[in-house]
Structure formats: structure tokens, C-alpha cells
Amino acid sequence: MATFEVDLTGINPVYRPYLADGHRYQLYFGGSSSGKSCFLATRAVLDALSGRNILVVRKVQRTLHASCWNEVMKAMRRLGAQALFRISRSEMTLTVVKTGAQILFAGLDDVEKIKSITPQTGALTDIWIEEATECSRDDFKQLDKRLRGQSAFKKRVTLSFNPTWKDHWIFREFFGGWAEEGQEPGERPGVRVEPGRSYQDRSLSILRTTYLDNRFLTEDDRRALEEEKAGYYCTVYTLGQWGTRGDAVFTDWRSADFRAEPPPEGLRVFYGLDFGFAHDPSAAVRCLLDREHRRIYVTDTFSETGLVIWQLAERLKAFAGRAKVTCDSADPRCIAELRALGVLAAPAKKGPDSLLHGIQWLQGYRIIVNRDCEEMIREMSGYCWKEGSPPQPRPGNDHLIDALRYALESEQRPRKAVLKKKREVGL
Ligand SMILES: Nc1ncnc2c1ncn2[C@@H]1O[C@H](COP(=O)(O)OP(=O)(O)O)[C@@H](O)[C@H]1O
Ligand SMILES: [Mg+2]
């Protein structure tokens, strides 16, 4: 096909290396007005000209016209490429006249359209999910499935968004290897990390940008963003960073795919158990302690209601073998019964401050949770302080966290330091 000249000066330099990026999953996130949407709209036009078929989606159909459609139209005009496309505003399709390659638009709430939408020629090669934090993990998985199958082009799912809270599924799913500015990225084969800026592995690429990366902003736009000096709005929209819930007990934790990124070998293994029955689950944790690097790896958990003691014993024997399992000491009879049934159960020592002391000790470590331990991730995400003093975590879903405290109880030496009670949103 005919070549098409692109004036690169019309594209913010930070994005230029991503024009032809082939990663399966591509995340462009960061502050507002950082040029994400403009860039991806520009890339969509260029990609269509090179024969790709692109589906642009947002959660809500009615927001598409004013956002993605307009962005892509503007990009087309900036590139001087209008004459090369057939434009149907009513159908919301852009078709390259010579090749039939298309840019299609659909809202995830238009279920019928999403299901049936297919390009005029060839297969869909790209899905761009704009404002992806609006979408659920299920939405994403469904879209991802649409890109199975062979094609001459590398198929890609691109997500663009402003970050929200760290308990969002996108953070959990994709940011395990991400490092914030000033953080040690750690060495892993095949992984490139520029802290605070970018991440790349075999299938995933993440780029974080802020308004400072957008050359096309006016002084007024900049000033408006710089007026935000603190709080959630500043963290998320000005700095383009994931927000941490203001009253989260644990702020230095993350999930990771232990199959792709296993914990180091040779670490000591610990088991902990919190008793439950009807309302609360019996919850057990297996973890590894890396004292030297101040890390705790939560590798396996189970959390189940309705287990009578012999069932629990069977579960524990399969889970921990003959290793010691440190248990909630509130119920010595349960411990005695477990022992009689062949589990090496031992009581955690409970002092008057053991809860706070245990939390304080855990706060001194980075906690890395295996991505498979979904319940643990839920607990960690929701574990918050109660208002008022003395500091106390809000009761609720904390059984696996308790089990983790018990597991490592023997390692906790008294410390005088003040409990970290993070009130500020942000990092
Ligand atoms: N390549 C570009 N050419 C011209 N203007 C741009 C370009 N990139 C960004 N802009 C300007 O910057 C504004 C913010 O960019 P946008 O892509 O909407 O940011 P984001 O999606 O990150 O919030 C746009 O409305 C546009 O005015
Ligand atoms: Mg945008």
C-alpha cells in the first residue's frame, strides 16, 4: 500500500517508542492531560492505515461520541488523513478506503453490538479500552477472549486510564512488578523496569505519564493541575499515581504471580491458623520470611466455613504436613484436638498488645501475596483503621491476616517504635 508520511513532532516524545509496540497487554496510565488519549487515537489511525482492525471501547456507549470518537477524528485531521477514510458517524465506523481496514467503536453496555461487532475484512487485531478503570475484570476478560486466533499482526489489548485506588483489579492484575519512583525494581530476567515510569515483560507493557510529558498543554492547563497540592485528586490526577486508601493498615504490600515470579529459594516456611466455624471461616496461611530483605511472601491460604475439627485437621495435614501451625490461642481445646488428630498445632502467645504489636511488626515488612490467594488480597485491600484512639483495626474480614500474624508470632521481637498510622492519602 502507499506510504503515509507521519510528522513525529505532532506526537509527544514520551509516546513515540510505543507507536509500534507489540506487547499483548499495554497499559497507558497516569495523570490527566498527559496526552494518553491523543496518542492512542493517533496510533489507532496509523494502525488502521497499516491494515489493523481496531475496536475502541468504553464502558458506556453514550460517552463514546464525545470522547474516543472525537479524539480519533481529531487525530485523523491532525495527521491529514481524512481523505483516506470513509467516515460513518451514524454507525461509528471509520474505514480505510483502499484496504477496508476499520476502526470500530462500541460501549460495553451495548451487549449485542459488542458480541456481534466484526471488521469488514480480516480479524480484529486491537482492542483499546479507554478509561479502563470503569470496566470490570470480567469485561476485560471477555474482550481479551475476542482477540484469540491467528493474524498477520500481533494482537494487542490496550488500556488507558487514570489510576484510582490500589485495590482496583487493574492494579492487582498488572502492577505486581511495577516499582514506584525511588523503589528498587529488583532484577528479573526478561523484565525491564524504570521505577515510576515504565514496566515491560514478555507480554505486558506499562507506561506512566503526567501533564509534564504533554508538550501540547497550555500554561492554564498546567496551572490548574499544579494547584492541587495534596490529597486524592493530586495523587491521582496531577501525579498520576495509584491512591492508597487513607486509613489502610498495610500500605507496603502487593500481589504477584508466583509462577512467573517465584519467591527466592531457601526461605523459612511458617504456618498460621485462625479458628472459625459458622460465621467466620477457619483461615490458614503459609508464608515465607525473608528477614534480610524485609519481605514476607504469602504463598498459600485457605479460608472455609463449616469445617468441624476433624475436617480442619485433614485440611491442615494436607496443607502443612508435619510442620508447626501457630494458632489463635483463644481456644485451647481446639488446639488440643488438632494435636490429637496429628496436626502440630501450637498456641500463639497473646499479650495485652499482641494485635497491635503484631501489626506493627508486619508493617516493617513488604508483604507479597501470591495472586492466587484472592481472599488474602481482599482482606489486605480492605484492612483499615477504626476512627479514634488508641489505634485499632476495624473488625471485619481479617481472618487470614490474623493467621499471618500468628504464623510469624515467634519472629516478632518487641519494638518501641510508634505504630504507623497513615492518615494521608497518597504515597
Ligand atoms: N499530540 C498532540 N497534539 C496536539 N494536542 C495534543 C496532543 N497530545 C495532547 N494534546 C492536548 O493535550 C490535551 C490533553 O491530552 P489527552 O490526550 O486528552 O490527555 P489524557 O488522555 O492523558 O488525559 C488534549 O486535549 C490536547 O489539547
Ligand atoms: Mg484521556
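This is a predicted model: local features need pLDDT of at least 70, side-chain atom pairs count only at pLDDT 80 or more; totals for chains, interfaces and linings use all residues.

Colleague: In which sense do β6 and β7 pair, and over how many bridges?

Modeller: Strand β6 (residues 126-130) and strand β7 (residues 156-161) are paired in the parallel sense, over five bridges. As an example, isoleucine 129 has leucine 159 in β7 as its bridge partner.

Colleague: What is the strand order of the open sheet with ten strands?

Modeller: The order is β3-β4-β5-β2-β6-β7-β1-β10-β9-β8, and the pairing is mixed.

Colleague: Why is one side of β3 and of β8 left without a neighbour in the sheet?

Modeller: β3 (85-88) and β8 (192-194) stand at the edges and each has a single partner strand, so one side of each lacks a neighbour in the sheet. From one strand to the next, the twist averages 15 degrees.

Colleague: Let us change topic. Which residues are closest to ligand 1?

Modeller: The closest are Gly35, Lys36, Ser37, Cys38 and Phe216, from a total of 13 residues that surround ligand 1.

Colleague: And how does that shell divide by class?

Modeller: The shell around ligand 1 has eight polar, four nonpolar and one charged residues.

Colleague: How is the protein divided into domains?

Modeller: There is a domain 1, covering 8-238, and a domain 2, covering 253-411. Their C-alpha centres lie 39 Å apart. Five residues from domain 1 and eight residues from domain 2 take part in the contact.

Colleague: What order do the strands have in the open sheet of seven?

Modeller: That sheet has the order β11-β17-β14-β13-β12-β15-β16, with mixed pairing. Its edges are β11 (253-256) and β16 (345-347); each has a single partner strand, so one side of each is left without a neighbour in the sheet. Neighbouring strands of this sheet are turned by 30 degrees against each other on average, direction ignored.

Colleague: Are β12 and β13 parallel or antiparallel?

Modeller: Antiparallel: strand β12 (residues 268-274) pairs with strand β13 (residues 282-290) over seven bridges. Within this pair, leucine 273 stands opposite alanine 284 in β13.

Colleague: Which strands does helix α12 touch?

Modeller: Helix α12 (residues 399-407) packs on the sheet and touches β12, β13, β14 (295-304) and β15 (325-327). The direction of helix α12 makes about 130 degrees with that of β12.

Note on methods
Residues are numbered from 1 along each chain as its sequence is written. Chains are lettered from A and ligands numbered from 1 in the order in which they are written. Domain bounds come from an automatic or database domain assignment. Two residues are in contact if their C-beta atoms, placed from the backbone, lie within 7 Å. A residue is near a molecule or strand if its C-beta atom, placed from the backbone, lies within 6 Å of it. Ala, Val, Leu, Ile, Met, Phe, Trp, Tyr, Cys and Pro count as nonpolar, Asp, Glu, Lys and Arg as charged, and the others, Gly among them, as polar. Two strands pair if DSSP finds at least two bridges between them. Helices (H or I, at least four residues) and strands (E, at least two) are DSSP runs, numbered from the N terminus. Axes are lines fitted to C-alpha atoms, for helices over the stretch in contact, and angles run from 0 to 180 degrees between N-to-C directions.
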